[in-house]
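Dear colleague,

I am passing on the structure we spoke about, and I would be glad if you could look it over. My notes on it come after the structure itself.

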Amino acid sequence: MTGNNFSGDEASVQEHPHLWRNARLATLDPARQGLGIVEKGAIVVENGRITFVGPESEVPVLAIERAEITDLEGRWVTPGLVDCHTHIVYGGNRAREFEMRLEGATYEEVARAGGGIVSSVKATNALSVDGLVAASLPRLDTLLSEGMTTIEIKSGYGLNIDAELKMLRAARQLGRIRPVRVVTTYLGAHATPVEYKGRNGDYITDVVLPGLEQAHAEGLVDAVDGFCEGIAFSTDEIARVFDKAQRLGLPVKLHAEQLSNLGGAKLAASYLALSADHLEYLTAEDAAIMAAAGTVAVLLPGAFYAINEKQKPPVKALRAAGAHIAIATDCNPGTSPLTSLLLTMNMSATLFGLTVEECIAGVTRQGARALGLLDETGTLETGKSADFAIWNVDSLAELVYRIGFNPLHAHVFKGERIDR
């Protein structure tokens with residue numbers, strides 16, 4: 001990774017166009033079939049944006065005459081990867097409770113020993129913004145080393161106003177010191193702290209809603225999320241949070257139907273949510289409602305794997321409904337300690353039956369859609385940010401097929417090349 005003090009504005013200033021030639025392009029352009037493949041392709045970048053993408057034979061002569069040229073020697077190029085659901089800003093880890101579960105401890109026993117989300121909240125609250133940034137950087141850098149250019153980062157391990165804002169400030173800081181586009185999501189309605197046990201409504205009134213107002217006032221939040229589940233919040237409680245988000249002009253998304261079906265996905269769709277995530281207990285009717293609302297289905301195989309779930313999300317129903325399917329790491333300390341989008345793709349194919357095309361689209365075009373950023377990134381199209389990944393593979397299927405192998409050659413963010 002080049003440098004440790006990054007500014008997106010600096011990256012977008014270029015004196016001359018840059019021509020990336022002799023490439024095999026997977027543009028993900030919906031105007032092209034499948035993955036939008038262009039053999040013997042080229043990309044022209046100027047001031048951080050794509051000014052041409054297509055067959056090299058069609059590159060404008062003026063661009064060739066003026067451009068700095070890089071020969072990609074026939075390598076595959078995809079859009080920069082998008083991780084559209086993460087919780088990478090947190091303190092501590094949950095390795096000990098993982099070990100306890102392997103030794104036969106129940107969830108209740110782990111919780112009584114101080115494990116579970118309570119331990120993450122305690123460790124997160126103990127750190128400053130700088131401490132959270134330092135703790136999160138190794139996770140972020142691992143994702144960046146695989147060609148990721150856009151990441152969503154949620155709060156949710158503070159569970160008080162000051163700590164939730166601290167997490168969001170740390171997320172913003174990560175976007176200033178690394179070459180990555182950070183989308184921040186306020187997840188105050190993640191769990192109920194011990195002092196509000198049995199009083200979800202009071203917690204929403206006292207903490208979640210005023211915390212959201214303050215985060216919005218400080219420009220710290222891009223979207224609002226919640227956890228709709230029997231162990232978390234009901235649809236009525238989430239609706240209060242979503243109503244506030246709407247009044248503030250913020251888009252919403254929702255953890256829904258992971259452990260049971262409480263109607264969270266329907267609720268999210270009724271608010272035209274950007275996405276509903278997890279979805280193991282989604283019904284075919286829910287899938288149709290989500291598709292009609294344009295709400296993206298974000299599947300999270302890392303959590304499915306880590307907590308040894310048996311109920312799989314209804315991929316066939318989502319396909320039949322025409323729903324958009326994205327995939328993400330769900331990187332978090334407890335239920336998905338996963339920092340690899342490449343492994344996420346393999347898991348999505350192996351565990352959920354997604355195709356190679358669905359997996360690659362899931363971490364590019366659909367991931368960007370799930371963040372409301374499809375006009376800016378997620379595909380290789382004229383006018384979009386020059387975010388792309390360059391791969392040392394013979395076929396795109398290798399990106400999904402391999403396990404524990406990173407074939408990234410380099411990636412480009414807003415026109416700036418980032419070497420591994």
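The model is predicted, so local features need pLDDT of at least 70 and side-chain atom pairs count only at pLDDT 80 or more, while totals for chains, interfaces and linings use all residues. Residues are numbered from 1 along each chain as its sequence is written, and side-chain values use heavy atoms, with hydrogens and water left out.

Helices (H or I, at least four residues) and strands (E, at least two) are DSSP runs, numbered from the N terminus. An open sheet has 4 strands in the order S6-S7-S8-S9, paired in parallel, where pairing requires that DSSP finds at least two bridges between two strands. Its edges are strand S6 (81–83) and strand S9 (223–226), each of which pairs on one side only. Within the sheet, strand S7 (residues 148–154) is joined to strand S8 (residues 181–189) by 5 bridges, and lysine 154 stands opposite threonine 185 in S8.

Helix H8 (residues 200–217) lies across S8 and S9 and runs at about 160 degrees to S8; axes here are lines fitted to C-alpha atoms, for helices over the stretch in contact, and angles run from 0 to 180 degrees between N-to-C directions. The axes of H8 and helix H9 (residues 235–248) come within 10 Å and cross at roughly 20 degrees, so the two helices are roughly parallel (angles under 35 degrees; over 145 is roughly antiparallel, 65 to 115 roughly perpendicular, and the rest oblique). Their contact (heavy atoms within 4.5 Å) includes Ile204, Val208 and Leu212 of H8 and Val241 and Leu248 of H9.

The axes of helix H6 (residues 129–144) and helix H7 (residues 161–177) come within 9 Å and cross at roughly 55 degrees, which makes H6 oblique to H7. Among the residues that make this contact are Leu132, Leu137 and Leu140 of H6, together with Met167, Ala170 and Leu174 of H7.

Finally, leucine 354 is found in the loop between helix H14 (341–352) and helix H15 (356–362), and it counts as buried because its relative accessibility is 4% (buried is under 20% relative accessible area, exposed over 50%, and partly exposed in between, with a 1.4 Å probe and protein chains only). Leaving aside its neighbours within four places in sequence, leucine 354 is in contact with residues including Leu299, Val315, Ile325 and Cys359.
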